[in-house]
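Q: I have a structure to go through for class. Could you help me read it, one topic at a time?

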Amino acid sequence: MHDSGVWSADDALEQLYAAHWRQLVRLSVLLVRDVGTAEEVVQDSFVAVHGRWSRLRDPDKALAYLRQAVVNRSRSVLRHRAVVAREIARSALPAPAPGADESTLTTARRGAVLDAMGQLPQRQREVMALRYYLDLSEAEIADTLGISRGAVKSHASRGCAALRDLLGNYLEDRS
Amino acid sequence: MTDRDRYLDARLSELMSDAVSEIEPGDRLASIRNETRVTPMSARRPWIYAVGGAVAATAAVITAVAFAGDNLGLTGSEPDPANSPSSVVTPSESDGTPGTSETPSSTPSASELTVAAYYLGDGPRGPRLFREFDRVSAADQLAGALARLQATPADPDYRTPWPQDAFSGASFDGDLVTVNLTDASLHDRPAGMSSDEAEIAIQQVVYTMQAAVQSRAAVEFKLDGNPIDQVLGVATSEPLAEAPQTDVLSLMSITSPSEGETVSGSFTANGVGSSFEANVQWQVKQGDSVVKSGFTTAEGWMDKLYPWQTEAIDVSDLTPGDYTFVAMTDDPSGGAEGHGPDVDTRTITVE
């Protein structure tokens, strides 16, 4: 346990960054697709958590706040960007390793997952990302999104159904 | 859950993790550090510090506070004070002696203005600032704002700790707002005033002056032309920046209706707030009973206060009389954790 008197906002920031930067950017990519945008979103979230440190003072709370900030900022970014569709079209996917069939398949599969996420309504997408990428419990998702557990359940079941439709082949195919 | 469901769940987890598994984000730690560094507000003004314990701990965020018109109290209907950046409102400028108690409204060019004034009120986490738009007769925004700081707020829930003759004048040189104290009587924290209240009172001046000049200018307190080392016991030897909004402002502040406003048929309420998930709850109460309620969504939440506005609230079915309009932040825990909602109220008369 860190002593909050010793663990300053700067130290906290550094440790949170080391532990969660990559995962949170990836989470944001699942929500906004574009990697550069995701980096911006998560960077801003880290700055915000630093500013709130005097009130958080606890690594668990800080991480919960960070997650919340990332999800909310990802949502605002999308809301303020009328050109989402275009973004999706030109988004930066990991470049395929040329020539190898397996890599091409992998790239196609990853693109399909991100495409499918992009087609879900915002809330469903958030619930699906928090549940399947971060493995959060229903209660944790409810807290992060500020909605009831019942709402989480219903978004999750609709989201699952939609992803089953959109990703049918990939869900069955274990290659 | 069937085996099939469990299989699909596991598979979805795999697919999702796999989809982003090769994304290696660039290293932004240096940029983040840069944005959260404590000292510089800008390269030109590296000497600005925030005041106080809790405030100092988060002073870094000053660098990240964006200029936001509405949060500065911009009403849209007022002349832009930025057009006169070097206005000087020291009422005694004619004789050059600071410290006279002549009121700003006696300057020849006095006119009716609306100023955004911040007042202390009680929030769930202690004293916080609430914003009020007040009509005042004054030479300009700075003089009007200064007059309101020393006057009784329209809303009886608010208070100002500054006595009538606390300030003798204020000026703005485009970079820095200077506030002149009338005498040394406010140097120390008065008996009975908590240090929290004193710090919020200093921020009350900072926010109100910044609203008056429409700029996140630093505010310097002076006595007899020299910087004063403390005001109300709060260190003021350096010019002061605004503390983060979420630390000093009430997270819910009603702009309209104003206190005592008469409404008929229907009215639209608006204000600023930072509420969980941007949900703003409102009620119309008669005494203690809620006769109307609803919610609206602010433009954002969390890092600062964002504007919100209700739909038209129909009051044509209410018996004419006095009611209270209440706006509050959303408390997803229902009061089970934390301090409960931030609330602002206005007395309205329905006719």
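Q: How much of chain B is buried?
A: Of the 351 residues in chain B, 42% are buried. A residue is buried if 20 or more other C-beta atoms lie within 10 Å of its own, exposed if 12 or fewer, and partly exposed in between, with C-beta atoms placed from the backbone. Please note that this is a predicted model, in which local features need pLDDT of at least 70 and side-chain atom pairs count only at pLDDT 80 or more, while totals for chains, interfaces and linings use all residues. Residues are numbered from 1 along each chain as its sequence is written, and chains are lettered from A and ligands numbered from 1 in the order in which they are written.

Q: And what share of chain A counts as buried?
A: In chain A, 40% of the 175 residues count as buried.

Q: How many helices and strands are there in chain B?
A: Chain B has 6 helices and 18 strands. Helices (H or I, at least four residues) and strands (E, at least two) are DSSP runs, numbered from the N terminus.

Q: What about the secondary structure of chain A?
A: Chain A comes to 10 helices and 0 strands.

Q: Which residues touch the most other members of the largest nonpolar core?
A: They are A:L30, A:V49, B:L129, B:A145, B:M209 and B:V219, in a core of 128 residues. A nonpolar core is a set of buried Ala, Val, Leu, Ile, Met, Phe, Trp, Tyr and Cys residues joined through C-beta atoms within 7 Å. The element that gives the most to this core is α1(A), with 13 residues.

Q: Why would such residues be buried together?
A: In soluble globular proteins, nonpolar side chains tend to be buried together.

Q: What does B:V219 touch?
A: Leaving out residues up to four places away in sequence, B:V219 touches B:V177, B:V179, B:V205, B:V206, B:M209, B:P239 and B:L240. Two residues are in contact if their C-beta atoms, placed from the backbone, lie within 7 Å.

Q: Is B:A218 buried or exposed?
A: B:A218 is buried, since 23 other C-beta atoms lie within 10 Å. B:A218 belongs to strand β5 (residues 218-223) of chain B.

Q: New topic: how many residues does each chain bring to the contact between A and B?
A: Chain A brings 34 residues and chain B brings 33 residues. On the side of chain A that touches chain B, α1(A) gives the most, with 9 residues. The residues of that side divide into 22 nonpolar, 7 polar and 5 charged. Here Ala, Val, Leu, Ile, Met, Phe, Trp, Tyr, Cys and Pro count as nonpolar, Asp, Glu, Lys and Arg as charged, and the others, Gly among them, as polar.

Q: At what angle do α2(A) and α2(B) pack?
A: They pack at an angle of about 40°, with their axes 10 Å apart, and α2(B) covers residues 29-36 of chain B. Axes are lines fitted to C-alpha atoms, for helices over the stretch in contact, and angles run from 0 to 180 degrees between N-to-C directions. The two helices, α2(A) and α2(B), are therefore oblique to each other. Angles under 35 degrees count as roughly parallel, over 145 as roughly antiparallel, 65 to 115 as roughly perpendicular and the rest as oblique.

Q: Which residues meet there, between α2(A) and α2(B)?
A: From α2(A), A:Q43, A:F46, A:V47 and A:H50 meet B:S31, B:I32, B:E35 and B:T36 of α2(B). By class, this contact has 3 nonpolar, 4 polar and 1 charged residues.

Q: How do α2(A) and α4(A) cross?
A: Their axes come within 9 Å and cross at roughly 135°. That makes α2(A) oblique to α4(A). The contact of α2(A) with α4(A) has 10 nonpolar, 3 polar and 2 charged residues.

Q: Last topic: where is the cis peptide bond?
A: The cis peptide bond joins B:S256 and B:P257, with omega about 5°. B:P257 lies in the loop between β9 (252-256) and β10 (261-263) of chain B.

Q: What is phi of A:R33?
A: Phi of A:R33 is near 75°, a positive value in a residue other than glycine. A:R33 sits in the loop between α1 and α2 of chain A, and A:R33 counts as buried, with 22 C-beta neighbours inside 10 Å.
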